Amino acid sequence: MDYSVQQIKKMVSKKHRAYITEDFVTDLNHLSTDPELARVYKENFLTYINVMQDGKWSIPEYIHAVKFVSLKLMGYDNTKAYSIVFPERAEKLTKNGQQIGAFSCMYAKSKLVVAIFKQSIIPSYVLNAPLYQDALNELAKMIKDPGIKGMTKVKA
C-alpha cells in the first residue's frame, strides 16, 4: 500500500509536516527494492510514529532508525543492519580501514533507536496471556476435581 502526502501529514506532529512533500512520500513508498522489506519498513514507520512527538529528530533520521530497528527485529546484527541502512557510510568506513562495528554499536545505542526499540517490546503479560489462561484453567479443573485433596489445591 502506498501512502499519500495527506495520510502521512495526519500522522506526524505539526512541527514535521513541512517535511512531508511528494518527494518524501515517494521515498517512503520506495524504501527498499525488496517488497517484503519495504512492507515492513512502511508498517514500522507508522507503528513507531509517536516517537516523533518529542520533536527531537528529523524525518530522515526517523526513517533511518526505523529501518535499522526493523532489520534488527528481523535478526540482523548491528553491523549488517547499519551497512544496509547507511551503505555509503559503510563503504566509506571500509575504504578508510575503519571498523563498521564500532559505529553500528554507537548507532544502536542512540536515543532515537533505543526509543523505537522500546516501542517494539511486547509486555510479558501480553506475550504470556495464553499461558496464564491455561494455568487458570488447570487450577479450575483441580478445584472441581473431588479426588484432589485440599492441601494440594492450596499449594497449586
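Modeller: A helix here is a DSSP run of at least four residues, numbered from the N terminus. Ile143 lies in one of these, helix H10, which covers residues 129-144. Please keep in mind throughout that this is a predicted model.

Biologist: Why is Ile143 called exposed?

Modeller: Exposed means over 50% relative accessible area, and Ile143 has 59%, so Ile143 is exposed. In space, Ile143 is 9.3 Å from Val154, C-alpha to C-alpha, although the two are 11 residues apart in sequence.

Biologist: What makes Tyr132 exposed?

Modeller: Tyr132, which also lies in helix H10, has a relative accessible area of 58%, and because the cut-off is over 50%, Tyr132 counts as exposed. Together with Leu136 and Leu139, Tyr132 makes a nonpolar surface patch of about 290 Å².

Biologist: Which residues have the most contacts inside the largest nonpolar core?

Modeller: That core has 37 residues, and those with the most contacts inside it are Ile8, Ile20, Phe24, Phe45, Tyr62, Phe68 and Ile116. The largest share of the core, 8 residues, comes from helix H4. Leaving aside residues up to four places away in sequence, Ile116 touches Tyr48, Val51, Tyr62, Ala65, Val66 and Val69.

Biologist: How do you know which element has the lowest confidence?

Modeller: Confidence is scored as pLDDT, from 0 to 100, and among the elements of the chain helix H9 (residues 124-127) has the lowest mean, 67, whereas helix H5 (residues 78-85) has the highest, 93. The chain averages 82, with 94% of the residues scoring at least 70. Where pLDDT is low, the predicted coordinates should not be read in detail.

Notes: Residues are numbered from 1 along each chain as its sequence is written. This is a predicted model: local features need pLDDT of at least 70, side-chain atom pairs count only at pLDDT 80 or more; totals for chains, interfaces and linings use all residues. Side-chain values use heavy atoms; hydrogens and water are left out. pLDDT is the predictor's confidence in each residue, from 0 to 100. Helices (H or I, at least four residues) and strands (E, at least two) are DSSP runs, numbered from the N terminus. A nonpolar core is a set of buried Ala, Val, Leu, Ile, Met, Phe, Trp, Tyr and Cys residues joined through side-chain atoms within 4.5 Å. Buried means under 20% relative accessible area, exposed over 50%, partly exposed in between (1.4 Å probe, protein chains only). Contact means heavy atoms within 4.5 Å. Patches are made of residues with over 30% relative accessible area and no salt bridge: like charges are joined within 9 Å, nonpolar side chains (Val, Leu, Ile, Met, Phe, Trp, Tyr) within 5 Å. Accessible areas come from the Shrake-Rupley method with a 1.4 Å probe; for residues, only the protein chains shown count as cover. A salt bridge is a side-chain nitrogen of Lys or Arg within 4 Å of a carboxyl oxygen of Asp or Glu.
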